[in-house]
Amino acid sequence: MSEIFKDFDDRIERITSKRAKMRDGYVGRVNKDGLVVFRPKRRSLSVSPRGIAMVVFAFILFKALIVSHLGMALYQDRIDTLRSGSLVEQAGAFIMQPDPATLWLADKMRPYLQ
């Protein structure tokens, strides 16, 4: 008798889970045998690759602005100071390292900032 109750409880749990997923929307499809089956909508990526690329470009632009304003020597001193700090500061130093794109952009921006 307990096996029957376990099967029933499992089925109720599956139905409840599917209903919770379908609360955000669902799509009805017709199977090969003509049965209409409703399934939860798939969630798409909320962040587009273009958006990620724009954030990366803005961050590189921000770093280039700082490098061109402070100068490479002072900027590198501040990065070295961050490297000797806590774990979070070390992560910040890793992220803020000057890369080739940042250095090239800082070179192009330097005449306009001084």
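First, the ground rules. This is a predicted model, where local features need pLDDT of at least 70, side-chain atom pairs count only at pLDDT 80 or more, and totals for chains, interfaces and linings use all residues. Residues are numbered from 1 along each chain as its sequence is written, and side-chain values use heavy atoms, with hydrogens and water left out.

Let's start with the helix pair. Helix H3 covers residues 72-83, and helix H4 covers residues 87-95. Helices here are DSSP runs of H or I, at least four residues, numbered from the N terminus. How do H3 and H4 pack? Their angle is about 145°, and their axes are 7 Å apart. The axes are lines fitted to C-alpha atoms, for helices over the stretch in contact, and angles run from 0 to 180 degrees between N-to-C directions. H3 passes H4 in a left-handed crossing. Left-handed means the near helix is turned anticlockwise from the far one by less than a right angle; clockwise would be right-handed.

Which residues meet there? From H3, take Ile79, Leu82 and Arg83. From H4, take Glu89, Gln90, Gly92 and Ala93. The contact residues divide into 3 nonpolar, 2 polar and 2 charged. Ala, Val, Leu, Ile, Met, Phe, Trp, Tyr, Cys and Pro count as nonpolar, Asp, Glu, Lys and Arg as charged, and the others, Gly among them, as polar.

Look at Ala93, in helix H4. Is Ala93 buried or exposed? Ala93 is buried, with a relative accessible area of 1%. Buried means under 20%, exposed over 50%, and partly exposed in between, using a 1.4 Å probe and protein chains only. Leaving aside residues up to four places away in sequence, Ala93 touches Ile79, Leu82 and Arg83. Contact means heavy atoms within 4.5 Å. Ala93 and Ile79 sit 14 residues apart in sequence, yet 5.4 Å apart in space, C-alpha to C-alpha.

Now the charges. Side chains of opposite charge can pair when their charged atoms come close. How many salt bridges does the structure hold? There are 4 salt bridges. The criterion is a side-chain nitrogen of Lys or Arg within 4 Å of a carboxyl oxygen of Asp or Glu.

Arg83 comes back here. Its side chain meets that of Asp80 in a salt bridge, 2.9 Å from N to O. Both residues lie in H3, 3 residues apart, about one turn of the helix. Arg83 is partly exposed at 37% relative accessibility. Asp80 is partly exposed too, at 37%.

Next, helix H5, residues 100-113. Arg110 bridges to Asp107, with the closest N and O atoms 2.9 Å apart. Those two are 3 residues apart in H5, about one helical turn. Arg110 is partly exposed, at 24%.

Asp99 forms a salt bridge with Lys63, closest N and O atoms 2.8 Å apart. Asp99 lies in the loop between H4 and H5 and Lys63 in helix H2, residues 49-70, so the pair ties together parts 36 residues apart in sequence. Asp99 is partly exposed at 21%, whereas Lys63 is buried at 4%.

Last stop: Thr102, in H5. Thr102 counts as buried, at 0% relative accessibility. What joins the side chains of Thr102 and Asp99? A polar contact of 2.8 Å. That term covers a pair of N or O atoms within 3.5 Å; within protein, one must be able to donate a hydrogen and the other to accept it, and residues adjacent in sequence count only if both atoms are side-chain atoms. Beyond four places in sequence, Thr102 touches Ile60, Lys63, Ala64 and Val67.
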